[in-house]
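Morning, everyone. Let me put the structure up, and then I'll walk you through it.

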Amino acid sequence: MNVCPSVAMAFMGVTLLESCSSGGDDEADNGGGGNSNNQGYTVNGNTVVITLSHSTFATLNSNGWMNFTAQKMLILKIDASTYRAFTNSCPHQGVRTKWSYNSSQDKFKCGEHNNSYPTDCTTNGDAGGKLNCYTSSYSAGKLTVIKS
Ligand code: FES
């Protein structure tokens, strides 16, 4: 008779956590650190690493900018290897979802009260206050943004 020892032990009132299965293991693969979410970016503390070719960022590639609402940031594409990232909180009253970008003026405009903000990280916008820039760097198709 071929009886699994743990089953036999269970009949005798002994509980074991081992199973009789052989081969394989049930260890979860968490991707090796960071917070991988299959959405084309990872988050580790204040650092967001974006895979620019992922479909999540198709709008950024086609329009030259996007409101990356999942991470509360605006991203502006300057060229294929140069990007800028900003908070998406409007300096006026903090609205995050009404942005548009005017490429001829190089300004983001918040549609809540139609105030515009330069993207140079230094110049104040219509309502006073400047759009807060994040530190960002590009390497091999990935954009790393440090939110601060
Ligand atoms: S909240 Fe953006 S312009 Fe007022």
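I'll go from the overall layout to the core, then the strands, then a few loop residues.

Keep in mind that this is a predicted model. Mean pLDDT for the protein chain is 83. Of its residues, 75% reach 70 or more. Where pLDDT is low, predicted coordinates should not be read in detail.

Now the layout. The protein chain has 2 helices and 11 strands. Reading from the N terminus, the order is α-β-β-β-α-β-β-β-β-β-β-β-β. There are 148 residues, and 20% of them count as buried. Take the contacts with a separation of 6 or more: 33% of those link residues 24 or more positions apart.

Which elements give two or more residues to the largest nonpolar core? First, its makeup. This core has 23 residues. Those with the most contacts inside it are Ile50, Met66, Met73, Leu74, Ile75, Ala85 and Val145. The elements that supply two or more residues are β3 (47-51), β4, β5, β6 (82-87), β8 and β11 (142-146). In general, nonpolar side chains of soluble globular proteins tend to be buried together.

Look at Met73 in particular. Set aside its neighbours within four places in sequence. Met73 then contacts Phe68, Ala85, Phe86, Thr87, Asn88, Tyr134, Val145 and Lys147.

On to β4. Trp65 and Asn67 point one way from this strand. Met66 and Phe68 point the other way. All four residues are buried. β4 runs antiparallel to β5, and 4 bridges join the two. Within that pairing, Asn67 stands opposite Leu74 of β5.

β4 and β5 form a hairpin with 4 residues between the strands. Lys72 lies in this loop, between β4 (65-68) and β5 (73-79). Its phi is near 55 degrees, a positive value in a residue other than glycine. Is Lys72 exposed or partly exposed? Lys72 has 13 other C-beta atoms within 10 Å, so it is partly exposed.

Now a separate topic: the open sheet. Three strands form it, in the order β7-β8-β9, with antiparallel pairing. Neighbouring strands here are turned by 30 degrees against each other on average, direction ignored. Between β7 and β8 there are 4 bridges. Tyr101 has Phe108 in β8 as its bridge partner.

Asn114 is in the loop between β8 (107-110) and β9. Its phi is near 60 degrees, again a positive value in a residue other than glycine. Asn114 counts as exposed, because it has 12 C-beta neighbours inside 10 Å, and 12 or fewer is the cut-off for exposed.

Then Gly128. This residue is found in the loop between β9 (115-118) and β10 (133-139). Gly128 has 9 C-beta neighbours inside 10 Å, so it counts as exposed. Which C-alpha atom is separated by 7.6 Å from that of Gly128? The one of His92, 36 residues apart along the chain.

That's the tour. Happy to go back to any view.

Methods: Residues numbered from 1 in each chain as written. Predicted model: local features only at pLDDT ≥ 70, side-chain atom pairs only at ≥ 80, totals over all residues. Contact = placed C-beta atoms within 7 Å. Core = buried A, V, L, I, M, F, W, Y, C linked by C-beta atoms within 7 Å. pLDDT = per-residue confidence, 0-100. Pairing = 2+ DSSP bridges. Axes fitted to C-alpha atoms, helices over the stretch in contact; angles between N-to-C directions.
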